[in-house]
Amino acid sequence: MEALLVFNAGSSSLKFQIFDIADGRLERRIRGKIDGIGSSPRLRATTADGAELVARSFDGAAVPDLPAAIAEARDWLLALEGVELRAIGHRVVHGGPEYIGPVLIDATVLDRLVHYQNLAPLHQPNNLVPIRLAMEINPEVPQVACFDTAFHHGRAEHTDCYALPRTFYDQGVRRYGFHGLSYEYIAERLCEVAPEVARGRVIVAHLGSGASMCALRGGQSIETTMGFTALDGLPMGTRPGQLDPGVVLHLITAKGMSVEEVSDLLYHNAGLKGLSGISNDVRELLASDDPRASFAIAHFVHRCRLHAGMLAAALGGIDVFVFTAGVGENSAPIRARIAEALAWLGAEVDAAANEAGAALISTTRSRIALHVIPTDEELMIARHTLALISTHMD
């Protein structure tokens, strides 16, 4: 059967999925992941209904980097029977000002995507590794890039610009926003689970190791917390979020830090990790009795409250607040604390529903519907890939 392969490559993990194409429709066949790359690599894959297909551990030296992880995933995938690969879809974090939708990848496109690596150094280089390898191994299989920035294109220029001379905007220095594949999926899914409010004033909180929020109206991005790079907005696992640019100037001019040292600080040693001095993992921080852990969590919740207020102002009010991504979907304590911080907007959380991991966690008295919706970036990539290759190749 014809199938699509989807890659979502991160800094220390590689997620992949296979979707069968049946009568022009997508049916998820396999979910897989290699995580712990370089330390304790593990390959795991299941069928769509959760049946285990493989669970294999490797020595760290055997899978030291992403190319090695892709090679292991490829070897396992090649052993599968009945898969006729029609195309490969990839998540690419930064598309710059030119890529406003999915695009077929060729050498020219790949060169342009390399240009944006310094704007997303945690993600973009890793996103491009499986593209290059697939070009070498299976050059006849079409590949499609799906961008995290694309969903936010089309907003008014006065919302996307910085207060800098216009020439900088024309050169691409602007607020792009990220996590667009996740927000696009949530916008579609909300129409299914809560159609009566889905086209209204919605704030989606994508809370994971990377975290951001997005204001939606009519299912479209109106405003978001991230900007030119994925450093902006909410504090994250290892990234600081909103930061006075004067701090960066101070670190370079007064503290004598190099650009490379500042970059390493902001991308790898700030955020929850930097604040706590313990971990970038919310689960570890919640389980810790170290006061630095609770301090980091308190800061995170406080900033979520402030940015939610900004997005509510952009929307002129709020009807729905959605939690998604790893922390948003799985951490009842974080959801409860953020919901409590939004009481001024009329939010009231149902404690029992929240602890049970229900899809709707607001009380009947709450003026804001509080939803928990698992995101599915890989499905969005598969949908875009199928639509694009169908248009270009049928």
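Tutor: This is a predicted model, and in it the lining of the second largest pocket divides into 17 nonpolar, eight polar and three charged residues.

Student: What volume does the second largest pocket have?

Tutor: The volume computed for the second largest pocket is about 950 Å³.

Student: And how many residues line it, and which lie nearest its centre?

Tutor: The lining of the second largest pocket is made up of 28 residues, and those nearest the centre are Phe228, Thr229, Leu231, Leu243 and Pro245. Two or more lining residues come from each of helix H7 (245-253), helix H8 (259-268) and helix H11 (291-315).

Student: Which element gives the most to that lining?

Tutor: That is H8, which contributes five residues to the lining of the second largest pocket.

Student: Staying with H8, which of its residues are buried?

Tutor: The buried residues of H8 are Val262, Leu266 and Tyr267. Around the helix axis they cover an arc of only 115°, which means that they sit on the same side of H8. As a general point, an α-helix has 3.6 residues a turn, so residues three or four places apart point the same way.

Student: What covers those buried residues?

Tutor: The cover over the buried residues of H8 includes H7, and H7 is also among the elements that give two or more residues to the lining of the second largest pocket.

Student: New topic: what is the strand order in the open sheet?

Tutor: The open sheet has eight strands in the order E5-E4-E3-E2-E1-E6-E8-E7, and the pairing is mixed. Strand E5 (52-57) and strand E7 (103-104) stand at the edges, and because each has a single partner strand, one side of each is left without a neighbour in the sheet.

Student: How many bridges join E3 to E4, and do they run parallel or antiparallel?

Tutor: Strand E3 (residues 25-35) and strand E4 (residues 42-47) run antiparallel and are joined by six bridges. As one example, Lys33 has Arg44 in E4 as its bridge partner.

Conventions: Residues numbered from 1 in each chain as written. Predicted model: local features only at pLDDT ≥ 70, side-chain atom pairs only at ≥ 80, totals over all residues. Heavy atoms only, no water. 1 Å grid on protein atoms, 1.4 Å probe; cavity = no way out; pocket = protein on both sides within 12 Å on 5 of 7 lines; lining within 4 Å. Points joined across faces, edges and corners; volume = space filled by probe spheres on them. Helix = DSSP H or I, 4+ residues; strand = E, 2+ residues; numbered from the N terminus. Nonpolar A, V, L, I, M, F, W, Y, C, P; charged D, E, K, R; others polar. Buried < 20%, exposed > 50% of the residue type's maximum accessible area, 1.4 Å probe, protein only. Arc of directions from axis to C-beta. Contact = heavy atoms within 4.5 Å. Pairing = 2+ DSSP bridges.
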